Amino acid sequence: MTTTSQVRRTLAPVLTRNPDLVLMGRFLFFKPVRHILKGIYIDRSSNKNEFVPSTTVNLIVLNKGRYESSRGERFNRTYIDPKDLAKLQIPVPETVNYNDDDNPRAVGKIRTTIEMDRAVQLYNRNYTSMEELDQRIGGWRVLWNIAEPATIRLMCEMIEDEVLPDLRKIVSFDDFITFADTLGWADNYPYRTSVFERMFIAAVEGDLDKARELWNRHEQDPDYFKVQELEIFKSMSPDFYPALLKGDRAALAKIFHDWEAQSVRSYGIESFWERTPFPLEL
């Protein structure tokens, strides 16, 4: 398994070129931290030489006990056959990279972007049975292997050219929802954020009517566990619901600031946090 020292040495050039980043252990994130903690976590695997990087975007105000609102995805460099390009339901870049000199196994294949990788995953979900496997889009995936310096250079290039620019765009709570909507299945169609999350985001943004409507919708859901979720939350945070019912913005703002400060302390990022007004205060 890779070590934090190896992560630190690998990302040192990235940190030098990007002064808005900080590395804590395996987590590379943006500073200052305001309402959103976003970055890249470099995990380890059973392969002693492999890095497993994933994006992570966390609304720290919602990191309240069992309630944590975080999204992310693992990112890889993948090469696919050119004939499969037409199957993707996205605009194809005007220029595509057919190969990297350092990756001879990718000869004749197209190097995908993150958006293309997402489209491949979405396409393949339509073909899950054994009889349909030959209809799926295959490809060769690069392992980020510290024993192969070329793959690590490619990983750092991908981080700086694709991943960091995408993460920098996530500034507001609406940006978080947009990011979440690019990932995975729609758990609450057409949303990929839960009713519970959207209720909180509406309250944080100052749309208290919408927040109350979403709370009531959640409360009236026939799913027993969702109803229990609200009851548990009320017992953990007894001041929130009365303040929401009254439309007490000052009380809600204090609650949110307290929750955020608590999360910051739990993450150990006090020196990188910048206390910032919530939209409902503006």
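Visitor: Which residue is the bridge partner of Ile80 in β7?
Guide: Ile110 is. Keep in mind that this is a predicted model.

Visitor: How many bridges pair β6 with β7?
Guide: The pairing has 2 bridges, in the antiparallel sense. Strand β6 covers residues 78-80.

Visitor: And what is the strand order in that sheet?
Guide: The order is β7-β6-β8. It is an open sheet of 3 strands with antiparallel pairing.

Visitor: Helices now. At what angle do α5 and α6 cross?
Guide: Roughly 160°, and their axes come within 7 Å. That makes α5 roughly antiparallel to α6.

Visitor: Left-handed or right-handed, when α5 passes α6?
Guide: The crossing is left-handed. Residues in contact include Phe196 and Met199 of α5, and Leu214 and Trp215 of α6. By class, the contact has 9 nonpolar, 1 polar and 3 charged residues.

Visitor: What about α1 and α3, how far apart are their axes?
Guide: They are 10 Å apart, and the helices pack at about 30°. α1 spans residues 4-17 and α3 spans 149-168. α1 passes α3 in a right-handed crossing.

Visitor: Which residues of α1 make that contact?
Guide: Thr10, Leu11, Val14 and Arg17. On the α3 side, Ile152, Met155 and Glu160 are among them. The contact of α1 with α3 has 7 nonpolar, 1 polar and 2 charged residues.

Methods
Residues are numbered from 1 along each chain as its sequence is written. This is a predicted model: local features need pLDDT of at least 70, side-chain atom pairs count only at pLDDT 80 or more; totals for chains, interfaces and linings use all residues. Side-chain values use heavy atoms; hydrogens and water are left out. Axes are lines fitted to C-alpha atoms, for helices over the stretch in contact, and angles run from 0 to 180 degrees between N-to-C directions. Helices (H or I, at least four residues) and strands (E, at least two) are DSSP runs, numbered from the N terminus. A crossing is left-handed if the near helix is turned anticlockwise from the far one by less than a right angle, and right-handed if clockwise. Contact means heavy atoms within 4.5 Å. Ala, Val, Leu, Ile, Met, Phe, Trp, Tyr, Cys and Pro count as nonpolar, Asp, Glu, Lys and Arg as charged, and the others, Gly among them, as polar. Angles under 35 degrees count as roughly parallel, over 145 as roughly antiparallel, 65 to 115 as roughly perpendicular and the rest as oblique. Two strands pair if DSSP finds at least two bridges between them.
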